[in-house]
Amino acid sequence: MRHALLVLALVALGMPVAATGDLASKHKTPRTVLAIESSAVGSQLVRVDAQSLKPVSKSVWLGGSASAWALSPDGRRLAVALVGDFVIRIIDASRLSHLAAIRSRDRYTSVLAWPAARRLVWLGADRVFVADPVTRKRLSTAMLPGAFIMAVQRVGNTLALLAAPTGEIGPARLALVGAGGRLRSVSLAGIRAGTVFDAESNEGKEWRPGLAFAPDGRVFVVGAGDDPIAEVDLRTLAVTYHRPEARRSLLAKLHDWLEPRADAKMGLPGSSRSALWLGDGRLAVWGSDTVRSGPEKVETTPTGLSIIDTQDWTIESVDVRAERVAFAAGTLLTTTEGAGLTGYSTDGRRRFRVFDGESVWVAATFGSKVYVLPRRGRMRVVDAATGRVVGTRRAVPWILHKDFSWQ
């Protein structure tokens, strides 16, 4: 893995989370945005042009590696957490100057949220902290129900956390943290989650569900393996389980019969799923299933990209070869080893395929731009709607905007 599991699961909210299909078209990209540029010696905060990503202001030195950020509701202040810093730094977002620091009591902050002017919420290793950013005093601390967080989403002013039992695979738990720091949770008896590993035998297993939300107040937890989908009402915490009925073409079935599994020397046997709300009642799901094929080998089979209609709970295969999926400007983007980059509309129609025959992956997305990494050479900047290459870059900074997402 390129990043620690917790970072992968939570980085979307540290940014904070990217817009879903319902929201992406309603937000215009601003002229300039804040960004964190990192190097071997540390990181710095700078304002950049939203199109070219070139600096347009002075920079402020942050020091270590940033792990999470959040803007105040009025956009005038920025909260930043650095790995191992034990504090949350408050920065003037216009002048790029340090204003204050809040003691964290946790050396790693994976999520920051600023839901109200006088409320700053952050997530440590196993607890949620709430502080007043004006007085810089901590107001409350709540232990998380299940110390291993597998996924996070923001639902308005609420953080939705998908927790797994520590050191075992068991029922997942959905925890909700409100703007004031109040913690509510519900057990998902039908959804398995967690990781087990024995260092002596080098044996283990991982079960990771996917998490997505709809703006109408529903959270969907997509079970890994043959587990169902849990639909949770945020207001009542009522849970309903669904098993979508497959609607798959003959071509998709034939591809499954003919496509060989991919061998890998790393990874744990098990299953993982990812999910994304697309709007109009549709949910995109993808993932992989992994089995051990030898003493030091596992075989991973991508499940491909499918779209679920939550109105009649049917599922239709869109790209059976998809190994990784991203989303930008209303376009689903899939990459597969040796098959380039493919773009689909949210109803599953193919819009384009570029870099066919190449192995590429999406490094990040921002607005309508997709930053694509090839095996060799410079990063390519692709228009999400058309697939047209509009430029190249050496690297992309961490853009502090809701429409930016690392992949």
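Modeller: Helices (H or I, at least four residues) and strands (E, at least two) are DSSP runs, numbered from the N terminus. This is a predicted model, where local features need pLDDT of at least 70, side-chain atom pairs count only at pLDDT 80 or more, and totals for chains, interfaces and linings use all residues. Residues are numbered from 1 along each chain as its sequence is written, and side-chain values use heavy atoms, with hydrogens and water left out.

Biologist: Thanks! How many aromatic pairs does a search of the whole structure find?

Modeller: Five. Rings of Phe, Tyr and Trp (its six-membered ring) pair if their centres lie within 6.5 Å; planes under 30 degrees apart count as stacked, over 60 as edge-to-face and the rest as tilted. One of the pairs is phenylalanine 220 with tryptophan 277: the ring centres are 5.4 Å apart and the planes are at 5°, so this pair is stacked.

Biologist: Where in the chain do phenylalanine 220 and tryptophan 277 sit?

Modeller: Phenylalanine 220 is in strand β18 (residues 218-222) and tryptophan 277 in strand β23 (residues 270-279). They are 57 residues apart, so the pair links distant parts of the chain.

Biologist: Are phenylalanine 220 and tryptophan 277 buried or exposed?

Modeller: Both are buried, meaning under 20% relative accessible area, with exposed over 50% and partly exposed in between (1.4 Å probe, protein chains only). For phenylalanine 220 the relative accessibility is 0%.

Biologist: And what about the rings of phenylalanine 220 and tryptophan 313?

Modeller: Their centres are 6.2 Å apart and their planes are at 55°, so that pair is tilted. Tryptophan 313, in the loop between β26 (305-309) and β27 (314-319), is 93 residues from phenylalanine 220. Together, Phe220, Trp277 and Trp313 form one aromatic cluster.

Biologist: What's the phi of tryptophan 313?

Modeller: Near 55°, a positive value in a residue other than glycine. Most residues other than glycine have a negative phi. Tryptophan 313 is also buried, at 12% relative accessible area.

Biologist: Changing topic: which residue lies over the face of phenylalanine 355?

Modeller: Arginine 380, at 4.6 Å from the ring centre. A charge sits over a ring if NZ of Lys or CZ of Arg is within 6 Å of the ring centre and within 35 degrees of the ring normal.

Biologist: Nice. Where is the place of phenylalanine 355?

Modeller: In the loop between β31 (350-354) and β32 (360-366). Phenylalanine 355 is buried, with 13% relative accessible area, and its phi is near 60°, a positive value.
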